[in-house]
Amino acid sequence: MAQKENNRGTYEVTDLTSLEKLEPVRVRPGMYIGSTGTKGLHHCIWEILDNSIDEVANGFGDRIIVTLNKDKTVTIEDNGRGIPTGIHPVKNKSGVEMVYTELHTGGKFNNNNYKTSGGLHGVGAAVVNALSKWLEVEVKQKGNIYLQKFHYGYDKELKRDMPGTPATPLKIVGKSNETGTKVTFLADGEVFGNVDYKFEIIDERLKELSFQNKGITLILRDARKDDVVEKVYHSERGLLDFIDYLNESKTVLHKEPIIFQGEREINGLMVSGEICIQFTDSTAEHIASYVNNIPTKEAGTHETGFKTGMTRAFKEGSKKLNLLKEKDKDFEGDDIREGMTAIVKVRITNPVFEGQTKTKLGNVEAYSAMNDLAYTKLGEWIEDNKELATVIINNAISAAARREKIKKINEAEKKKIGNGTAPLAGKIAVCTLKDREFTEFIVVEGDSAGGSAKQARDRRFQTIMPSKGKIMNTEKQKLENVLASEELRIFNTAIGTGVLENFKPEELKYGKIIILSDADVDGYHIRTLWMTYVYRYMRQLIQNGNLFIALPPLYKVYKITKNGEVSKYVYNDEELDKAKKEIGKGALIQRYKGLGEMNADQLWDTTLNPATRTLQRVTIEDAAKAEKMISLFMGDVVEPRRNYMYNHGEF
């Protein structure tokens, strides 16, 4: 059979492309930093920061300074040993140039330089260089100050512009008796779009790092405005300070947290673990886990091992204390962890992460080590604290009974659905499509807005549920009351997943769950109440990216002309002046006080039409912060909330 001659019909060796040096990072940045949005932008800071943390965590320094500069650059400086400045005998390049221009180059592939490290693949520094317009490295070492600059510029060897190309050789620019590394980089707007660093995101990360590395000092300077803001982070109690911070807005069942640490060698791999636990009167558990200072928001083997060991210890404790009666249902791990806040911290040589962004640990050795550590230490703690252990175990037995109750309620609801008697008729307007890849479930504030939304929607793929107003604050309610709420039962039945440990993601009927509320204080409160419910009872919807906030416009700026109306919808105050200039002289402003003021066409154009609306995906970027903020705003403890609102009056 003859081969096709046209250029689309053949596949030759000349069609193959080989990316050179740092080009792979530039072409596929998501493979290295997760995304090119806000998350990826901040990940560039984490990559450089992780290298500095590895130095201080291994005892080679005690101070790191992160500075946000006016020109959108970031500077990260430590007083560690400094990147090697000598010339490599084989590569004939300085250590600085190797680290910043070659992937998989670093001092962490063996255990000679770092007992443990967060930067593992030897790509972090080079990746940041590849995604920057320019980057410079200053190293204090051997009595000298060395400097080298890199940029997106002409590569003499390849004879074309390349990312991360050395702009200068490494040269001595001064003298110093100190040691350390200072890196300054300008993230490339062509990669990230808006180069806008969020102070609160960096603030939270440095706060966590100070808790995990007691005794070190971290400094965050925001020099983007004339009034420089500086925060200093330092913890002498480590995880004890961390758990106080996480539980600040909760009522704790015991003042002194449970804390223990230990080392285990498994298959020749050393695993050092530290665990801090405190039980509260909440019905939700929260575990913040870390490996070599890296937050593992997708958990992994260390967290699973901890849970298994903890369950074993408390099950054996319940037998020794004769707490389980014949009529009692045996409790499970989820039951014993109800109301628990825990920090699981692991240091491990040669950790195996899933992906460059290091969100999940894979080492089986970590599972075995943390399982044994938790089982042994908690067994000893139960022996020494029988009274408090009894309270915790009795709570677990009660939780097991409630779990059984939930299961029966869910089964009853499913039977109602099967018999056509579920409480949905007249409550929601159901779409005709059944494929969740295309369907949306929209919770709309108020009956009037719900009526408009029902008229405005595309009935093929959009289901509308009008919300009567403010649902209960589920953070403060007992489980039985939450399950008895008619509105929440309608929501649960409609989306189909179940709640808590009975949550089944495969039974979700809609790809997008959208909360649509007014752009005012009451609307924000309603939005927060729904997000609190989903976070506590259906957290996987957030983790899987199914929960969204619809952003309705605040204003309509318009002008009547001979040819009809010229208009523009505005979603925040910052855009208002710009819109007035665009519309021109004689522009009028309509302020929307609520969704109910919009007719169906306006609601479709601004908020429901996928082609023109603005949706904000709800994510858990930082599980520890999310947990704290939900408890802070929706919990019973008033003082921390008052302090927060006083300090952030314009948030």
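Modeller: A residue counts as buried when its relative accessible area is under 20%, and as exposed when that area is over 50%. The model here is predicted.

Biologist: Is A299 buried or exposed?

Modeller: A299 has a relative accessibility of 16%, so it counts as buried. This residue lies in the loop between β13 (294-295) and α9 (301-320).

Biologist: What is the phi of A299?

Modeller: Most residues other than glycine have a negative phi. A299 has a phi near 65 degrees, a positive value in a residue other than glycine. N350 also has a positive phi, near 55 degrees. N350 sits in the loop between β14 (340-348) and α11 (364-384). At 40% relative accessibility, N350 counts as partly exposed.

Biologist: How should I read the angle at which α7 and α8 cross?

Modeller: Angles over 145 degrees count as roughly antiparallel, and those from 65 to 115 as roughly perpendicular. The axes of α7 (residues 199-212) and α8 (residues 239-246) cross at roughly 140 degrees and come within 8 Å. The two helices are therefore oblique to each other.

Biologist: Which residues make the contact?

Modeller: From α7 they are E204, K207, E208 and F211, and from α8 they are L239, D241, F242 and Y245. Four of the contact residues are nonpolar, four are charged and none is polar.

Biologist: What span should helix α16 have?

Modeller: The expected span is 1.5 Å times one less than the number of residues. Helix α16 (residues 521-537) has 17 residues and should span 24 Å, which agrees with the 24 Å between its end C-alpha atoms. Its buried residues include W530, Y533 and R536.

How values were computed: Residues numbered from 1 in each chain as written. Predicted model: local features only at pLDDT ≥ 70, side-chain atom pairs only at ≥ 80, totals over all residues. Heavy atoms only, no water. Axes fitted to C-alpha atoms, helices over the stretch in contact; angles between N-to-C directions. Helix = DSSP H or I, 4+ residues; strand = E, 2+ residues; numbered from the N terminus. Parallel < 35°, antiparallel > 145°, perpendicular 65-115°, else oblique. Contact = heavy atoms within 4.5 Å. Nonpolar A, V, L, I, M, F, W, Y, C, P; charged D, E, K, R; others polar. Buried < 20%, exposed > 50% of the residue type's maximum accessible area, 1.4 Å probe, protein only.
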